[in-house]
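Hi everyone, thanks for making the time.

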Protein chains: 2
Amino acid sequence: MPVARAGVTAERLTRAAAELADEVGFANLTVSALARRFGVKDASLYSHVRNLRELKERVAVLALAEVADRAASALAGRAGKDALVAFANAYRDYAREHPGRYAAMQFPLDPETAEASAARRHSELTRAILRGYQLPEPDQTDAVRLLHSAFYGYVSLEAMGGFGHHPRESDVSWSRSLDALDVVLRNWPGAG
Amino acid sequence: MPVARAGVTAERLTRAAAELADEVGFANLTVSALARRFGVKDASLYSHVRNLRELKERVAVLALAEVADRAASALAGRAGKDALVAFANAYRDYAREHPGRYAAMQFPLDPETAEASAARRHSELTRAILRGYQLPEPDQTDAVRLLHSAFYGYVSLEAMGGFGHHPRESDVSWSRSLDALDVVLRNWPGAG
DNA sequence: GCATTACCCTAGGAGCCCTAGGTAGAGGGA
DNA sequence: TCCCTCTACCTAGGGCTCCTAGGGTAATGC
């Protein structure tokens with residue numbers, strides 16, 4: 001049972017790293033800055049975390065779990081287009097509230113870590129959306145990928161200012177895009 | 001007229017940086033590594049490029065121009081779904097051939113540089129795809145954003161291994177997703 | 001009360017970005 | 001031909017980063 005002397009724990013380190021990433025950007029998340037935030041020398045952190053890579057992995061895993069939680073509760077009790085919209089908004093809202101954590105989700109995890117993380121829950125949740133649309137299995141996988149791509153792409157491009165600086169209009173386009181995705185799920189092109 | 005003594009020019013520097021980025025990843029593009037590649041000390045590069053940021057911007061601008069060129073020639077003489085598929089494949093193929101340059105396109109450019117770059121051509125080209133689908137103006141903008149998001153998202157997720165490691169299946173899902181996008185463009189949900 | 005544990009430290013090496021100031025060779029002008 | 005200038009490249013060096021090695025000290029467990 002590890003005892004905290006200046007309050008540094010792998011757990012608290014990860015949470016603080018996530019907050020720091022949200023403030024300065026995931027790419028600027030640094031061991032030195034994190035140590036500074038704890039009033040501690042950077043070398044001291046290496047007792048709790050193997051290296052910067054592991055720290056970033058921890059933030060990524062945290063973010064994946066948080067998003068999965070939000071998505072799950074957004075999906076609860078909804079079906080069809082309702083579920084689609086709720087899921088997509090949960091995803092987008094999280095990215096806007098926690099840009100650093102969102103960026104962390106792109107961080108490449110080694111297969112073991114990914115398996116142990118909530119990455120799997122994500123595909124399952126995305127699949128749950130499709131339950132209301134009655135898609136047969138091979139099409140379901142394709143649809144999951146398209147949805148995931150569209151959500152991820154839209155949120156990323158929006159975050160990096162890819163749509164010009166019209167936040168209001170971007171909201172409208174977002175709704176319209178969700179309408180469009182609903183249409184395509186109801187009229188998924190048959191195999192062949 | 002600048003004279004080359006060891007062959008270092010802003011031009012050649014940019015091209016070499018793009019190649020280096022493709023090899024080691026855009027995030028690992030470094031002034032030192034680039035200097036090493038030219039058999040020169042890192043400090044020497046600062047006569048040609050202001051700093052690392054400018055170097056990355058140059059690579060981003062180069063990549064945007066190259067992609068726009070490919071997209072333009074893919075679009076030539078095509079319309080409707082043909083155009084959609086050709087454009088999307090040009091985009092995806094470029095990302096696979098030049099992952100570093102592709103990542104560079106995400107690099108945030110300041111507004112002036114973005115304006116001077118090929119970023120504008122990109123929206124115009126994406127809009128050109130829609131010409132065959134006869135969408136009225138407010139919907140057109142939304143559709144451009146959805147298409148861009150889906151292409152960008154799919155290619156990014158694929159590149160970072162987000163779809164598991166089934167390259168063949170990923171090709172199939174890609175075609176299916178393009179089919180689906182074609183469907184949604186032909187049945188775009190009316191305003192309201 | 002004492003040994004163990006683990007938390008945090010200092011010291012230091014290596015790599016990176018970038019600035020300041022110096023040297024050598026190519027080009028043009030007298 | 002000689003010199004002057006311009007510039008491509010250099011060395012020196014400061015600051016920040018990641019990370020390792022090894023030491024001190026306080027709290028825990030007996």
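Let's begin with burial in chain A: of its 192 residues, 50% are buried. Please keep in mind throughout that this is a predicted model. What does the secondary structure of chain A come to? Nine helices and zero strands. So if you read the elements from the N terminus on, you get α-α-α-α-α-α-α-α-α, because a helix here is a DSSP run of at least four residues. Taken along the principal axes, the C-alpha atoms of chain A fill a box of roughly 60 × 40 × 30 Å. And look at the contacts in chain A with a separation of 6 or more: 69% of them are between residues 24 or more positions apart.

Now to the two copies. Chain A is superposed on chain B by a rotation of 180° with 0.0 Å of shift along the axis, and the RMSD is 0.0 Å. The two copies are therefore related as by a two-fold rotation axis. The same surface serves both of them, too: 100% of the contact residues of chain A recur in chain B.

Next, the core. How many residues does the largest nonpolar core have? It has 80 residues. Those with the most contacts inside it are Phe151, Leu181 and Leu185 of chain A, along with Phe151, Leu181 and Leu185 of chain B. Let's pick out one of these, Leu181(B). Leaving aside residues up to four places away in sequence, Leu181(B) touches Leu84(B), Leu147(B), Ala150(B) and Phe151(B), and also Leu146(A) from the other chain.

Leu84(B) takes us to helix H4 of chain B, where it is one of the buried residues. This helix covers residues 80–97, so 18 residues, and reaches 26 Å from its first C-alpha to its last, close to the 26 Å expected at 1.5 Å a residue. Other buried positions in H4(B) include Ala83(B), Phe87(B), Tyr91(B) and Tyr94(B). There is an arginine among them as well, Arg92(B).

Beyond its neighbours up to four places away in sequence, Lys81(B) touches Tyr133(B), Asp179(B) and Asp182(B). By contact I mean heavy atoms within 4.5 Å. Ser123(B) is 42 residues from Lys81(B) along the chain, and their C-alpha atoms are separated by 18 Å.

Over to chain A and its own H4, residues 80–97, where we find Arg96(A). Arg96(A) has 45% relative accessibility and so counts as partly exposed. Not counting residues up to four places away in sequence, it touches Glu158(A) and Asp171(A). With Glu158(A) there is a polar contact, side chain to side chain, at 3.4 Å. Arg96(A) and Leu147(A), 51 residues apart along the chain, have their C-alpha atoms separated by 19 Å.

Step along to His98(A), in the loop between H4 and helix H5 (99–104) of chain A. Is His98(A) buried or exposed? It is buried, because its relative accessible area is 19% and the cut-off is under 20%. Its contacts, again without residues up to four places away in sequence, are Asp22(A) and Arg70(A).

H3(A) is followed by Gly77(A), with a positive phi near 75°.

That was a glycine, but which residue has a positive phi although it is not a glycine? In chain A, Gln134(A) does, at about 60°. Its counterpart number in chain B, Gln134(B), has a positive phi near 55°. Gln134(A) is in the loop between helix H7 (119–130) and helix H8 (137–159) of chain A, and Gln134(B) is in the loop between H7 and H8 of chain B. At 68% relative accessibility, Gln134(A) counts as exposed, and Gln134(B), also with 68%, is exposed.

One record to finish. An unreviewed UniProt entry places the feature "DNA-binding region" at residues 30–49 of chain A. In the model, that span is 35% helix and 0% strand, and its end C-alpha atoms lie 13 Å apart.

Conventions. Residues are numbered from 1 along each chain as its sequence is written. Chains are lettered from A and ligands numbered from 1 in the order in which they are written. This is a predicted model: local features need pLDDT of at least 70, side-chain atom pairs count only at pLDDT 80 or more; totals for chains, interfaces and linings use all residues. Side-chain values use heavy atoms; hydrogens and water are left out. UniProt positions are given in the numbering used here, feature names are shortened, and annotations may be inferred rather than shown by experiment. Helices (H or I, at least four residues) and strands (E, at least two) are DSSP runs, numbered from the N terminus. A nonpolar core is a set of buried Ala, Val, Leu, Ile, Met, Phe, Trp, Tyr and Cys residues joined through side-chain atoms within 4.5 Å. Buried means under 20% relative accessible area, exposed over 50%, partly exposed in between (1.4 Å probe, protein chains only). A polar contact is a pair of N or O atoms within 3.5 Å; within protein, one must be able to donate a hydrogen and the other to accept it, and residues adjacent in sequence count only if both atoms are side-chain atoms. Copies are superposed by least squares on the C-alpha atoms of residues with pLDDT of at least 70 in both.
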